[in-house]
Amino acid sequence: MRHQFQIPDIQSLPARHAMVGSLEIHRALPRSQRRMVGAWCFLDRYGPVRFSHEKLMDVAPHPHIGLQTVSWLLEGEIIHHDSHGCEGLMRAGQLNLMTAGHGIAHSEETPGTNSGMLSGVQLWVALPGDHRDGQAAFDHYAALPVFDVAGVTVKMIMGELLGHSSPAKAFSPIVGAELQFNEEVSIDLPFKRNFEHAIFIFDGDVFLNGRSMDRDTLHYLGTNRDEVQIKGSAGSRILLLGGEPFGEPIVMWWNFVARTHEEIARAREDWMQRERFGEVRGYNGARLPAPELRSIAAPRHI
Ligand code: MN
């Protein structure tokens, strides 16, 4: 599908609008034309939104397999509870990283004491074959590497950029970073040639290699680039994602990443039978039932 902002070397895919409970989101991954960027396989953007009622985000207990959930905030707070008994209160600039492996369940919600603001992204990373059935884990990173380069503040979420590495554990070569332009400036960002990359614009007027780029759109840059020139107006904020193209075709359904329909069906059944995933304590309310399982598309990895 052609889009008016598509240019020959950048694939620009507008995010799909949807509701997750009472929260309005823009889903940039997966899209029919682009399922993954490296091992990144899911990108929901929500906010910025100001609210006055108690809870804006209220995602009841639900299961995951075969992936890492990467929760990242630009503004606001989220509290996580999982079936291993972990609790993680996260503020903007901090990272909640949950490795699902064989299976874990969690809830994510706005804490009772909050700023009344919410802006962030929910990301997933597919786990490679030798780790996807492993032990589940949850890690909260209260502080991540933050550095300035030529008027741009970079926050390292996952992987390495410009000599700065995130301590967050990844299972395949990936990068994830938030860039904030403190003034109008143009920077040349070095890329690993064997990585594919994408940029998502949160805010500001942003130009990639001299071309204006839309917000709420995934701008896919492919592989074999040494660098990209990014110009942003003062206050621009963008998300950079990248990684080695994921060599394994995956199947995604609901909150599961697997390789076959049978694995998905078994995980769904285990959740409905209250097996495998355990119980999430610390969430006040019912857990999410799995949707009906009909047909699942064949494994893909474009
Ligand atoms: Mn989740």
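The questions below concern aromatic pairs, charges over rings and a manganese site in a predicted model.

Residues are numbered from 1 along each chain as its sequence is written, and side-chain values use heavy atoms, without hydrogens and water. Local features need pLDDT of at least 70 and side-chain atom pairs pLDDT 80 or more, while totals for chains, interfaces and linings use all residues.

Q: How many aromatic pairs are there?
A: The count is seven, where rings of Phe, Tyr and Trp (its six-membered ring) pair if their centres lie within 6.5 Å.

Q: Why is the pair of Trp-253 and Phe-256 called tilted?
A: Planes under 30 degrees apart count as stacked, over 60 as edge-to-face and the rest as tilted. Here the centres are 6.1 Å apart and the planes stand at 40 degrees, so the pair is tilted.

Q: What makes the pair of Trp-271 and Phe-277 edge-to-face?
A: The planes are at 75 degrees, with centres 5.9 Å apart, so the pair is edge-to-face. Both Trp-271 and Phe-277 belong to one aromatic cluster with Trp-253, Trp-254 and Phe-256.

Q: Why does Phe-256 count as buried?
A: Buried means under 20% relative accessible area, exposed over 50%, partly exposed in between (1.4 Å probe, protein chains only). Phe-256 has 0% relative accessibility and is therefore buried. Trp-253, at 12%, is buried too.

Q: Which atoms are the protein donors of the manganese ion?
A: They are NE2 of His-62, His-64 and His-106, 2.1 Å from the ion. Donors are N, O and S atoms within 2.8 Å of the metal (3.2 Å for Na, K and Ca); water is not among the atoms, so sites may look incomplete.

Q: Over which ring face does Arg-34 lie?
A: Arg-34 lies over Tyr-220, 3.7 Å from the ring centre; the rule asks for NZ of Lys or CZ of Arg within 6 Å of the centre and within 35 degrees of the ring normal.
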